[in-house]
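Keep the viewer open as you read.

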Amino acid sequence: MCGRFTIVFDSDELIARFEVEEVPYEWKKQYNIAPGQLIPAIIEDRGQRRLGRLKWGLVPYWAKDEKSGYKLINAKSETIQEKPAFKQLFVRKRCIIPADGFYEWRKVGSEKQPMRIMMKTGEPFAFAGLFDTWTNPAGEKLHTCTIITTKPNQIVTDIHDRMPVILQKQDEAIWLDRQSFDADRLQSLLVPYDSEKMRAYPVPSIVGSPKNDMPECIEEIAAPYLFE
């Protein structure tokens, strides 16, 4: 699963990289994003990209209550066209989620070492996501999302058995285009990202608590025993 990630670039870089016109809320860097939090997401509306915030943890529109969001933080790419919570969203409610790194925990003996996984260049990228809107009995709307996962690439495989789907930059427009639907083409995008372009490094254990959201979370630490 993908349960933590980072966004440590500024709003100007976001606007330039993801071709959105504005950031409609106060932007801040986030060093330890966790499920249940509001996260930035981009959709396409009438040919224009729009940035907003969605709660991480999908609550399908037909859910009886919002508790399902605690379980649906990820959607497996292999079954996305079969699961009731995802198959309709795959058709028309696709989004991308900006990020520049994600965390997974590598088992080392009886301990778990948190690792940050990112591009070698440090540049931002986009997770493939799905979104939906749930309305409670009082008529209040809740906008939520999930991050799609796939098999790990060579960088991630020694750390975890899943990784988030990172879209190729040229494929982001295809994923966001809600005016056309080619299931086979969209499914072909949900593959592990090129490991040659990525790196992983150990970070402090403080990332284990989502209460810790500070630059120290992404600091590389010395842990040579990991690679013996």
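On a 1 Å grid over the protein atoms alone, a cavity is a set of points where a 1.4 Å probe fits but cannot get out, a pocket is an open set with protein on both sides within 12 Å along at least five of seven lines, and lining residues have an atom within 4 Å of a point. Grid points are joined across faces, edges and corners, and a volume is the space filled by probe spheres set on the points. Before using any of that, note that this is a predicted model, where local features need pLDDT of at least 70, side-chain atom pairs count only at pLDDT 80 or more, and totals for chains, interfaces and linings use all residues. Residues are numbered from 1 along each chain as its sequence is written, and side-chain values use heavy atoms, with hydrogens and water left out.

So, the holes. There is 1 cavity of 30 Å³ or more, and the largest cavity holds about 40 Å³ of space. Its lining is made of P60, Y61, W62, P84, A85, Q88, L89 and D132. Sort that lining by type and you get 6 nonpolar, 1 polar and 1 charged (Ala, Val, Leu, Ile, Met, Phe, Trp, Tyr, Cys and Pro count as nonpolar, Asp, Glu, Lys and Arg as charged, and the others, Gly among them, as polar).

Around it sit A41, I43, R50, L51, G52, R53, L54, F131, T133 and H143. Strands β3 (38-45), β4 and β9 each bring at least two lining residues, with β4 giving the most, 5 residues. (Helices, H or I of at least four residues, and strands, E of at least two, are DSSP runs numbered from the N terminus.) This lining splits into 5 nonpolar, 3 polar and 2 charged.

R53, one of those lining residues, also has its charged end over the ring of Y25, 4.4 Å from the centre. To count, NZ of Lys or CZ of Arg must be within 6 Å of the ring centre and within 35 degrees of the ring normal. R94 does likewise over the face of W175, at 5.7 Å from the ring centre.

W175 takes us to the largest nonpolar core, where F5, I97, F102, F127, I148, I166 and W175 touch the most other members among 58 residues. Such a core is a set of buried Ala, Val, Leu, Ile, Met, Phe, Trp, Tyr and Cys residues joined through side-chain atoms within 4.5 Å; buried means under 20% relative accessible area, exposed over 50%, partly exposed in between (1.4 Å probe, protein chains only). Strand β9 (residues 125-135) supplies the largest share of the core, 6 residues. A second, separate core of 9 residues includes Y103, Y201, C217 and I218.

Now the rings. The structure holds 8 aromatic pairs: rings of Phe, Tyr and Trp (its six-membered ring) pair if their centres lie within 6.5 Å, and planes under 30 degrees apart count as stacked, over 60 as edge-to-face and the rest as tilted. F5 and W56 make an edge-to-face pair, 5.2 Å centre to centre with 65 degrees between the planes. Because F5 is in strand β1 (residues 5-7) and W56 in strand β4 (residues 48-56), the pair ties together parts that are 51 residues apart in sequence. Both F5 and W56 are buried. Ring pairs also link F5, W56, F102, F125 and F127 into a cluster.
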